[in-house]
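The questions below go through one structure, a predicted model, and each answer works towards the value or name that was asked for.

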Amino acid sequence: MAEQPLSGMRVLEWSLFHNGPAAGSMLGDLGAEVIKIEHPVEGDATRGIATISGAPAFLPGGRTTLFEGANRNKKGITLNLQSEEGREVAYRLVAKCDVFATNFRRSVAQRLGLDYASLSKHNPKLIYGIALGWGGLGADSDQRVFDQLVQARSGLMWAAGDRDNPEPQMVQGAVVDQMGATMFAYGILSALLARERYGIGQEVEASLLGSALHLQAVNVNTVAWQGRAAPRHSRTRARNPMDNHYRCRDDKWLRLAEIQSDRFWNEFCEALEAPHLATEPCFATMEDRRQSHQKLVSILDGIFMARDRDDWLKTFTERGCRFARAPINTMEDALEDPQALVNEYVVDFDHPTMGRVKTIGFPVKLSSSPLTIKSSAPEFGQHTEEVLQDLGGYSWEEISGMRSRGVL
């Protein structure tokens with residue numbers, strides 16, 4: 001197999017929960033050797049999270065969904081970084097790594113001597129990545145942060161949902177954490193490229209708030225440049241009924257997203273077996289439909305309820321319809337979507353305790369440097385002896401002594 005993009009790169013990761021670990025996992029997908037440090041007693045908190053929004057999160061073998069999802073392609077070691085001896089071990093490992101990545105607060109890293117200024121003394125070309133919550137500056141820079149809080153503060157909860165429901169709506173699934181991980185990995189990759197070109201190490205800072213605003217760049221720019229927020233979507237008041245979603249007879253939904261409605265209006269009416277709509281003066285043009293949108297949405301609601309969702313989609317395909325449409329998938333549907341499977345956005349993986357399962361794949365493709373899942377998330381402390389011997393140069397006797405002193 002061709003070399004992966006980060007083959008030969010080594011990452012030392014000290015992080016918890018999702019955004020930091022998920023970034024490390026992405027670097028592992030790209031071929032980096034990622035070594036995850038966990039406290040020898042407490043470990044990563046996601047190893048013990050039993051539920052997600054009230055639903056069970058434990059997997060066979062005592063594993064959990066959150067930990068497995070953010071820690072594949074890593075080696076796992078235990079190390080007490082609160083002890084001076086543990087930090088000395090970390091310094092020895094840092095000297096042989098390309099990247100140190102953490103999502104602990106900067107004040108914690110500084111207190112323990114694990115900040116950029118301290119670690120760069122042991123490796124001047126180190127890429128030091130820190131994933132923060134609210135950013136590195138400002139009164140709240142050192143506050144604890146979670147995905148839900150950033151959804152709230154970034155405006156995402158106000159942008160989500162239907163205009164006819166005045167309550168803020170949260171998007172389920174730690175989406176800001178995942179976006180934060182993506183931007184964190186993006187920053188680390190940029191710094192690695194700069195080091196290759198200019199021979200410099202540096203600190204990389206990413207944040208959940210910055211990532212959530214980046215995710216909403218269109219919304220942010222609308223407010224900044226036009227002085228107003230884009231209104232929430234309203235299904236019953238969609239001024240372009242060809243940019244709306246509709247319930248079908250089987251209680252499944254489909255989505256239309258055709259902003260060029262005049263171009264496809266006649267074709268759409270023919271596919272609905274409602275050609276009379278194309279000739280009605282109040283629906284003739286996009287502007288006419290905008291003026292009569294509530295009446296038209298009501299009519300389309302009745303038409304779509306006459307048949308099952310997949311029957312409609314099949315009809316549109318068989319007729320060669322060009323207007324944009326898609327099913328509104330449940331998460332179960334999305335996991336089995338043919339487009340997701342054929343493009344390896346969802347892949348099969350032989351897991352050591354769950355057997356052959358589907359899991360999230362790769363959102364990008366490299367034609368000559370394929371991404372792979374080499375291993376599941378590590379067991380607690382699984383690679384401690386291996387890493388300390390091979391990378392740290394410690395003997396069995398030294399490792400045994402550190403275990404007895406609570407360093408490992």
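Q: In which loop is the place of Phe-17?
A: In this predicted model, Phe-17 has a positive phi of about 60 degrees although it is not a glycine. Most residues other than glycine have a negative phi. As for its place in the chain, Phe-17 is in the loop between S1 and helix H1 (19-29).

Q: Is Phe-17 buried, partly exposed or exposed?
A: The class follows from the relative accessible area, where buried means under 20% and exposed means over 50%, with partly exposed in between. The relative accessible area of Phe-17 is 32%, so this residue counts as partly exposed.

Q: Is Asn-73 buried or exposed?
A: Asn-73 also has a positive phi of about 60 degrees although it is not a glycine, and its place is in the loop between helix H2 (65-70) and S5. The limit for the buried class is a relative accessible area under 20%. With a relative accessible area of 4%, Asn-73 is therefore buried.

Q: Which strands stand at the edges of the sheet that six strands form?
A: The six strands form an open sheet with parallel pairing, in the order S5-S2-S1-S6-S7-S8. Two of these strands have a single partner strand each, so one side of each is left without a neighbour in the sheet, and they are S5 (75-78) and S8 (202-207). Neighbouring strands of this sheet are turned against each other, direction ignored, by an average of 20 degrees.

Q: Which residue in S2 does Glu-13 stand opposite?
A: Strand S1 (residues 10-14) and strand S2 (residues 33-38) run parallel and are joined by four bridges. Across from Glu-13, the residue in S2 is Lys-36.

Q: Which element gives the most to the lining of the second largest pocket?
A: The second largest pocket has a volume of about 500 Å³ and is lined by 22 residues, with Phe-17, Asn-103, Phe-104, Arg-105 and Val-145 lying nearest its centre. By class, this lining has nine nonpolar, six polar and seven charged residues. Helix H4 (106-111) and strand S7 (127-132) each supply at least two residues of the lining. The most, three residues, comes from H4.

Q: Does Arg-309 count as buried or exposed, and at what relative accessibility?
A: Arg-309 lies in helix H15 (residues 309-318). Leaving aside residues up to four places away in sequence, Arg-309 touches Cys-248, Asp-250, Lys-252, Trp-253, Leu-254, Pro-327, Ile-328 and Asp-333. Buried means under 20% relative accessible area. Arg-309 therefore counts as buried, at a relative accessibility of 4%.

Note on methods:
Residues are numbered from 1 along each chain as its sequence is written. This is a predicted model: local features need pLDDT of at least 70, side-chain atom pairs count only at pLDDT 80 or more; totals for chains, interfaces and linings use all residues. Side-chain values use heavy atoms; hydrogens and water are left out. On a 1 Å grid over the protein atoms alone, a cavity is a set of points where a 1.4 Å probe fits but cannot get out, and a pocket is an open set with protein on both sides within 12 Å along at least five of seven lines; lining residues have an atom within 4 Å of a point. Grid points are joined across faces, edges and corners, and a volume is the space filled by probe spheres set on the points. Ala, Val, Leu, Ile, Met, Phe, Trp, Tyr, Cys and Pro count as nonpolar, Asp, Glu, Lys and Arg as charged, and the others, Gly among them, as polar. Buried means under 20% relative accessible area, exposed over 50%, partly exposed in between (1.4 Å probe, protein chains only). Contact means heavy atoms within 4.5 Å. Two strands pair if DSSP finds at least two bridges between them. Axes are lines fitted to C-alpha atoms, for helices over the stretch in contact, and angles run from 0 to 180 degrees between N-to-C directions.
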